[in-house]
Amino acid sequence: MSFWPEFLLIAFVHLMAVASPGPDFAIVLRYAVRFGRQQALAASIGIGVAILLHITWSLVGIAVLIQTTPWLFKALSIAGAAYLAYVGVIALKSQPPSVSEQPTDESANEKVPSVKRAFIAGFITNGLNPKATLFFLSLFAVIISPITPLMYKIGYGIYMSIATAAWFCMLSVVLTHTKVRGFLLLKGYWFDRAMGLLLLALAAHLVVSSLSR
């Protein structure tokens, strides 16, 4: 069995989720604007490492549910679909930021944190976000087949961790240029709307597939 279609779908959905502005984007934006490229890169790497926490819980939880209580897995799938639909609806309602939400340079004299502290800030921002765990759990329940080997699943997780860090590192470089930063912040809500449509489609697919088992 070829797992490339499964991997490519995971990669696409993950990219849409990572590109959507949220807490991770906010912390990278703050560090890039206020403290510079080095601190923003450290925070980005912290975010990528934290992804491994969510992936681990998701993989372990799904593996146990599949092997011991299939009916509970089906119930979790329905709950995951409901969560995806909820997030999708919220994302579709995203609006352009108001003037008061634009970054300023008023904190230019704020003490610059160390690289270690910036890394920890990125790690905590993502690692302590319960919605991130639920998202990855739902994502794995929707896309990954029960017969997918564990090593493939681990590979998916490592890829998403690296891809997340790489995405935010790229943003860290881009956001140090103030003109580009302003444009991305103003147009970022379109990422939310696109991801909202995708999440609603995944939720519908999950409901249909779980009921047909």
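**A first look at this helical chain**

1. Welcome to this structure. Of the chain's 213 residues, 43% count as buried. Please keep in mind that this is a predicted model.

2. The overall make-up is quick to learn: the chain has nine helices and zero strands. Read from the N terminus, its elements run α-α-α-α-α-α-α-α-α. Among contacts between residues at least 6 apart in sequence, 89% join residues at least 24 apart.

3. Two packed helices are described by the angle between their axes and the distance between the axes. Here α1 and α7 pack at an angle of about 35°, and their axes lie 10 Å apart. Their crossing is right-handed.

4. Which residues in α1 and α7 meet? From α1 come E6, F7, I10, A11, H14, L15, V18 and A19, and they meet Y156, Y159, M160, A163, T164, W167 and F168 in α7. Sorted by class, this contact has 12 nonpolar, two polar and one charged residues.

5. Helix α5 (residues 115–127) is worth a visit too. Its 13 residues reach 18 Å from the first C-alpha to the last, close to the 18 Å expected at 1.5 Å a residue.

6. Where do the buried residues of α5 sit around the axis? The buried residues are A118, A121, G122 and N126. They cover an arc of only 115° around the axis, so they are on the same side of α5. An α-helix has 3.6 residues a turn, so residues three or four places apart point the same way. On the other side of α5, K116 and R117 are exposed.

Methods: Residues are numbered from 1 along each chain as its sequence is written. This is a predicted model: local features need pLDDT of at least 70, side-chain atom pairs count only at pLDDT 80 or more; totals for chains, interfaces and linings use all residues. Side-chain values use heavy atoms; hydrogens and water are left out. Axes are lines fitted to C-alpha atoms, for helices over the stretch in contact, and angles run from 0 to 180 degrees between N-to-C directions. Helices (H or I, at least four residues) and strands (E, at least two) are DSSP runs, numbered from the N terminus. A crossing is left-handed if the near helix is turned anticlockwise from the far one by less than a right angle, and right-handed if clockwise. Contact means heavy atoms within 4.5 Å. Ala, Val, Leu, Ile, Met, Phe, Trp, Tyr, Cys and Pro count as nonpolar, Asp, Glu, Lys and Arg as charged, and the others, Gly among them, as polar. The expected span of a helix is 1.5 Å times one less than its number of residues. Buried means under 20% relative accessible area, exposed over 50%, partly exposed in between (1.4 Å probe, protein chains only). The arc is that of the directions from the helix axis to the C-beta atoms.
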